[in-house]
Amino acid sequence: MNTVIKTSAVAALGAATLLSTGIAQASSHREAPFITEMPKVDATDFYMFRSYESGRSNYVTLIANYLPLQDAYGGPNYFDMDDDALYEIHIDNNGDAKEDLTFQFRFEDQLTDKQIPVGSEMVSVPLKNIGDATDDANVQVRQRYTVKVVSGDRRKGTVQTATNVDSGTEYFFKPLDNIGEKSFGGNMDPAAYGTYADQHIYTINLPGCSANGRVFVGQRKEAFAVNLGEIFDLVNTNPLGARDAEGPGDLVDKNVTSFALEVPTSCLTGSAMTAGGDPVIGAWTSASVRQARVINRAPSANGKGATIEGGAWAQVSRLGMPLVNEVVIGLKDKDRFNASEPMNDGQFLTYVTNPTLPELLEILFSSAGAEAPNNFPRTDLVSAFLTGIDGLNKPEGVTASEMLRLNTAIAVTAAGSQNDLGVLGGDTAGFPNGRRPVDDVVDAELRVAMGALTTDAPNKDVPFTDGVQLDPNTLRTTFPYLATPVAGSPNGL
């Protein structure tokens, strides 16, 4: 591996590290006070990587996860998305901290009142489906969505509609969540839901692209190996212990909703790839709701739902690099960060240059010899947090701003050869050069946070860990990469 890339990329890893030290890969679950009240628009994780499915290396996959900590048995409503919200993935392809391209997702409920005869009356049923859920005739509520492509400013730019190549329309459908094996085929076949969900992977025509992409929005199995309970209990674990010492973690039986979009690389970099320009792109996700929300005292009776929405869009969730708002931004500023845009990130600079988490770890584990680096201000962290890393993923003329950055010119690493420590493990196709589902953000970052990149830190060679590790065999090697969700009723009778 190129020495410049390796050295600066490892520094990047360290930079990213303090952004997320200690909370494994669960980037943004319930991280700010206000977003806990609106779980449907709570962004949990964001991935961006060159597609490693065979034959797809000329594409970039973007995965934005929302609605954290889903219990598979959460019926009868399960986990539909907010049809009054706007979900967005933003791309900055010239390093100026402003979006050049935005993919907007909007949802619409498809309601069909299902009734059964009870005595002499036809009565509406309380369940989402009344038979085989793969047959739309048995389903009361489905959601369809549209994808808009905005060039320039997200609110003032040119808006075009992506189309479903299969149907020729602008609509795509979200599969029902994994209610259980009886609802999907009725034959107790664990693979039945996967087959059903894969029918909702669509070929999408993206305006301005020379080739089609793919899109999928639906429930997936959480891909994070982390013990959230122990971490938030003053890191009640052993960071000096062995990897995988504590099993798969607290989220092993949880689901999440993924917005997966595969886009031809040239559509994201603009003319950079063909004109010899910069192949580095930056990206982040957001979710917005209307400024005004009034509780409707008579839902449905007046043709409206439980609330009436109005006014301009107001951003309430934001996510780029993993764990930034969760463990870097101070509690008093977490809601402010969720409402902010990258161009205004200077207001949060102190949280990066003088991070608190390493100091807390030193206090908690001083008896074990933990000692935080004290090279303040932490300018090494500014590289990964705000600019990208020289020789790895720093765009020319970059304006400092927080987002996930990917050098699309770095070759793909095949699924079977990926190192979950990313750049720190010698795999420059991994975090912090973008982020893949397998990348173990915390283990890589913990080590750098506690001095792995310094020359004089006492802990520079200590392999810090959160004690859990994702089994890569639980992931797919094809789009949308995250696995079939846990079933609400996996065994039947």
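The model is predicted: local features need pLDDT of at least 70, side-chain atom pairs count only at pLDDT 80 or more, and totals for chains, interfaces and linings use all residues. Residues are numbered from 1 along each chain as its sequence is written, and side-chain values use heavy atoms, with hydrogens and water left out.

**Exercise 1. Describe the largest cavity: what is its volume, and which strands each supply at least two residues of its lining?**

Step 1. Know the term. On a 1 Å grid over the protein atoms alone, a cavity is a set of points where a 1.4 Å probe fits but cannot get out; lining residues have an atom within 4 Å of a point. A volume is the space filled by probe spheres set on the points, which are joined across faces, edges and corners.

Step 2. Find the volume. The structure holds five cavities of 30 Å³ or more. The largest has about 60 Å³.

Step 3. Find the strands (DSSP runs of E, at least two residues, numbered from the N terminus). They are strand 1 (43-50) and strand 16 (404-407). Residues in the lining include Phe49, Arg50, Leu406 and Asn407.

**Exercise 2. Describe the largest pocket: how many residues line it, and which strand gives the most?**

Step 1. A pocket is an open set of points with protein on both sides within 12 Å along at least five of seven lines.

Step 2. The largest pocket holds about 920 Å³ of space. Its lining has 33 residues; Lys40, Asp83, Asp84, Asp109 and Ala306 lie nearest its centre.

Step 3. Strand 4 (101-111), strand 7 (141-151) and strand 15 (307-319) each supply at least two lining residues. Strand 15 gives the most, with three.

**Exercise 3. Classify Leu101: is this residue buried or exposed?**

Step 1. Use the cut-offs: buried is under 20% relative accessible area, exposed is over 50%, and partly exposed lies in between (1.4 Å probe, protein chains only).

Step 2. Leu101 is found in strand 4. Leu101 counts as buried because its relative accessibility is 13%.

Step 3. Look along the chain. Gly157 is 56 residues away from Leu101, yet their C-alpha atoms are separated by 9.0 Å.

**Exercise 4. Study helix 10: which of its residues are buried?**

Step 1. A helix is a DSSP run of H or I, at least four residues. Helix 10 covers residues 379-387.

Step 2. Leu381, Ala384, Phe385, Leu386 and Thr387 are buried.
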